[in-house]
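User: I would like to go through the labels on this model one at a time. Please set each value against its definition.

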Amino acid sequence: MSRLDQDQSLYSSCRDKTTVSSDSSDTHELAKQPLQDLKLASHAVLEKAQQKGRLKCSKCGGSRMFFCYTCCSLVGVTQQEIPLIKLPVKIDIIKHPNETDGKSTAIHAKILAPSEVTIYTYPCIPNFDEDMVVLVFPGPGAVSVQDMMQHLHDRTDSGSHYPFDEPCIKRLKSEEVQGATHTAGNPESGTPEKAKGSESRACPLQRVVFIDSTWNQTNKISTDERLQDLLKVELKMRKTCFWRHQKGKPDTYLATIEAIYYFLKDFHEHCLAQEYNGEYDNLLFFYSYLHSVVNKAKTSAGKC
């Protein structure tokens, strides 16, 4: 939801210009603690890839490290070398057209959970069933994850269901055809699979929507009429460990991948009523590695 300054040159140079802007010890502690004790796959493959340096994407020819954020494909590592995560619900990410692909953490989710994550570029937004979809976004009327299911059940009991449809285009823009993960023509962005099994049928939640942009750009998407009837869910008491804090914004404004991770963790505990044992920690596989790289760079520069 906030953008991550993930210019690919960071991976090889690790220069201090990418570090957090605040020098306060409190902010530093917030940045350090959340990523401790995660159950992550080994970062050895990323360390090895970083030593090799940037490589050309086989699809677009762009110079990339770890993955191509344009083609949504791995670069320098194989699918077998990174974790593949199964999510309990589908994730739809609405990306602001001015949000630079290389500065977005949304791509992390798509790479690590490709079957459950779809990225659309605004103004392309799917037609959602308001009884089965929530929008993770703070504001008036937003509820907590703990209260979300009751609100959805209330909607289901009082209303009728409408099937999902293909994404609709509010207005055409030439840049929307760039990249398979950013258009309505994405093979994975068609009609979602119908819920299977008794557990899925008992759960009214089918999809979760996130907005991917800087916080100064979110208003245009969040106020779009196609999202107005969705139940809004707010992630309260979560603090970002993003190393480049957006000026004038509170530390509760999360990066997209952080928001997805925290939502799923809360959903697992409060909605599925299951003990959390790190099932979605690997969503932070790339993010946590970059966090460690930046912190090491800060330490070397005497900033920590």
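User: What makes β5 and β10 paired strands?

Analyst: Strands here are DSSP runs of E, at least two residues long, and helices are runs of H or I of at least four, both numbered from the N terminus. Two strands pair if DSSP finds at least two bridges between them. Six bridges join β5 (residues 90-95) to β10 (residues 207-212), so the two count as paired. They run parallel. Lys-90 stands opposite Arg-207 in β10. This is a predicted model: local features need pLDDT of at least 70, side-chain atom pairs count only at pLDDT 80 or more, and totals for chains, interfaces and linings use all residues. Residues are numbered from 1 along each chain as its sequence is written, and side-chain values use heavy atoms, with hydrogens and water left out.

User: Why are β6 and β11 called edge strands of the sheet?

Analyst: The open sheet has five strands, in the order β6-β5-β10-β8-β11, with parallel pairing. β6 (117-121) and β11 (231-233) each have a single partner strand, so one side of each is left without a neighbour in the sheet. The twist averages 30 degrees from one strand to the next. Axes are lines fitted to C-alpha atoms, for helices over the stretch in contact, and angles run from 0 to 180 degrees between N-to-C directions.

User: Which strands does α8 touch as it packs on the sheet?

Analyst: Contact means heavy atoms within 4.5 Å. Helix α8 touches β5, β8, β10 and β11. Its direction makes about 155 degrees with that of β10.

User: What makes α8 largely enclosed?

Analyst: Buried means under 20% relative accessible area, exposed over 50%, partly exposed in between (1.4 Å probe, protein chains only). In α8, 13 of the 16 residues are buried, so the helix is largely enclosed by the rest of the structure. Across the 304 residues of the protein chain, 52% count as buried.

User: How do you know that Cys-57 is in no disulfide?

Analyst: A disulfide is a pair of cysteine sulfur atoms within 2.5 Å. By this rule the count is zero. For Cys-57, the nearest cysteine sulfur, that of Cys-68, is 3.7 Å away, so no disulfide is assigned. Cys-57 counts as buried, at 3% relative accessibility.
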